[in-house]
Amino acid sequence: MLDALEQLKNDALAEISSHSTEAELEGARVKFLGKKGQLAAASGGMRDVAKEDKPAVGAKLNEVRTAITEALDEKNTALTNAKDAAAFDGIDASLPSRPIPQGALHPLTQVQHNAISVLRRMGFSLAEGPEIETEWHCFDALNTPTDHPARNESDTFYFENGKLLRTHTSSVQVRTMETTPPPIRIIAPGSAFRRDEVDATHLPVFNQLEGLYVDEDVTLADLKGTLEFFFQEMFGDVEVRFRPHFFPFTEPSFEVDVKLEIKGQAAKWIEIAGCGMVDPAVFDSVGKTRDDKEYSPKKISGFAFGMGIDRLAMITYGIPDLRLLIENDVRFLGQFA
Ligand code: DAH
């Protein structure tokens with residue numbers, strides 16, 4: 001019996017070492033170690049072994065099983081290694097990898113982040129409001145009369161329930177004052193919507209940045225200083241000019257121009273924002289909703305401003321056509337990465 005087992009071991013080891021595929025190896029495992037394999041058959045022979053020989057035969061059986069198992073494992077590892085080596089053949093793993101194309105922030109996002117960070121340094125914090133607005137927040141509370149052209153269906157997207165897509169971010173001023181007592185110093189970046197035909201300088205969806213500062217004794221000097229500082233942070237050492245204008249929600253109101261050279265052209269004044277001192281009528285509207293005197297124009301004053309982020313981006317980067325900003329052509333966007 002012992003000799004037969006030794007023979008079985010030698011046969012198995014010889015066969016295993018002659019195999020060169022995983023399938024063959026699996027065949028050998030079944031043949032020698034499987035439930036109906038040769039070792040199992042040999043174990044069955046234990047019944048006929050004399051009692052005193054059993055320990056020796058048992059030990060031999062174990063030795064043979066271990067030897068075959070180890071030989072199978074070893075051969076398996078060798079085959080796997082050979083396969084890996086073949087897969088690597090001709091590949092120099094020490095070469096640097098191919099660069100993975102990296103994404104970058106959209107130029108509009110970059111300009112918006114930049115503008116926000118300048119204003120945050122001046123103590124403004126971010127505020128939000130919905131894009132689907134009530135007429136109250138978008139127009140009435142902002143002292144905009146019912147017959148104002150901006151309220152016309154040909155200028156503004158209305159829903160059947162009377163709500164509308166906000167035409168400016170100024171609605172966030174009203175919402176913030178309705179819920180927060182003064183002093184407040186907020187900025188609200190976000191989308192605005194108008195029924196404009198698409199062309200190089202108009203899109204029906206665009207982006208604005210609104211600002212509002214309300215406290216005791218806020219003056220026009222504060223407004224001018226804030227915006228001058230802001231535009232100089234954005235564009236370098238530029239001249240900033242305030243032209244009298246009209247907005248329903250501010251009195252006095254101004255349009256703001258900066259003097260800039262765009263891409264080699266001679267410097268010229270470019271209109272960039274609207275602003276003014278908050279009209280007392282706006283504070284009165286807010287007071288009615290709040291039903292308190294926190295925003296009484298006798299106690300407080302404030303300034304507000306609003307500008308187009310898309311326009312800031314066009315000026316900052318000398319982009320000639322707004323549509324480039326929404327086409328998502330990587331040849332264009334890659335230039336700002
Ligand atoms: N809402 C104005 C617009 O969309 C921009 C603006 C002008 C905002 C003056 C203001 C402001 O807060 O004071 O054209």
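The C-alpha centres of domain 1 and domain 2 lie 83 Å apart. Select residues 2–87 for domain 1 and 107–336 for domain 2; these bounds come from an automatic or database domain assignment.

Before going on, note that this is a predicted model, where local features need pLDDT of at least 70, side-chain atom pairs count only at pLDDT 80 or more, and totals for chains, interfaces and linings use all residues. Residues are numbered from 1 along each chain as its sequence is written, and side-chain values use heavy atoms, with hydrogens and water left out.

**Stop 1: the ligand**

Select the ligand. It sits in the largest pocket. A pocket here is an open set of points on a 1 Å grid over the protein atoms alone, where a 1.4 Å probe fits, with protein on both sides within 12 Å along at least five of seven lines. To sit there, more than half of a molecule's atoms must lie within 2 Å of the grid points.

Now show the shell, meaning residues with a heavy atom within 4 Å. The ligand has 15 residues around it, and the closest are Ser-170, Gln-173, Arg-194, Gln-208 and Glu-210. By class, the shell holds five nonpolar, eight polar (Gly counts here) and two charged residues.

Colour strands E5 (205–215), E8 (268–278) and E9 (301–308): each gives two or more residues to the shell. Strands are DSSP runs of E, at least two residues; helices are runs of H or I, at least four.

**Stop 2: polar contacts**

Look for N or O pairs within 3.5 Å.

- Ser-170: a polar side-chain atom lies 3.0 Å from a ligand nitrogen.
- Arg-194: a side-chain N or O atom is 2.8 Å from a ligand oxygen.
- Ala-304: a backbone N or O atom lies 3.1 Å from a ligand oxygen.

How much of the ligand does the protein bury? Taken alone, the ligand exposes 350 Å², and the protein buries 89% of that (Shrake-Rupley method, 1.4 Å probe).

**Stop 3**

Most residues other than glycine have a negative phi, and most peptide bonds are trans.

Select Pro-182 and Pro-183. A cis peptide bond joins them, with omega about 0°. Pro-183 is in the loop between helix H7 (171–179) and strand E4 (184–193).

Next, Glu-251 and Pro-252: another cis bond, omega about -5°. Pro-252 belongs to strand E7 (residues 250–260).

Finish at Asn-143, where phi is positive, near 60°. Asn-143 is in the loop between helix H6 (135–138) and strand E3 (164–165).

Definitions and conventions
A polar contact is a pair of N or O atoms within 3.5 Å; within protein, one must be able to donate a hydrogen and the other to accept it, and residues adjacent in sequence count only if both atoms are side-chain atoms. On a 1 Å grid over the protein atoms alone, a cavity is a set of points where a 1.4 Å probe fits but cannot get out, and a pocket is an open set with protein on both sides within 12 Å along at least five of seven lines; lining residues have an atom within 4 Å of a point.
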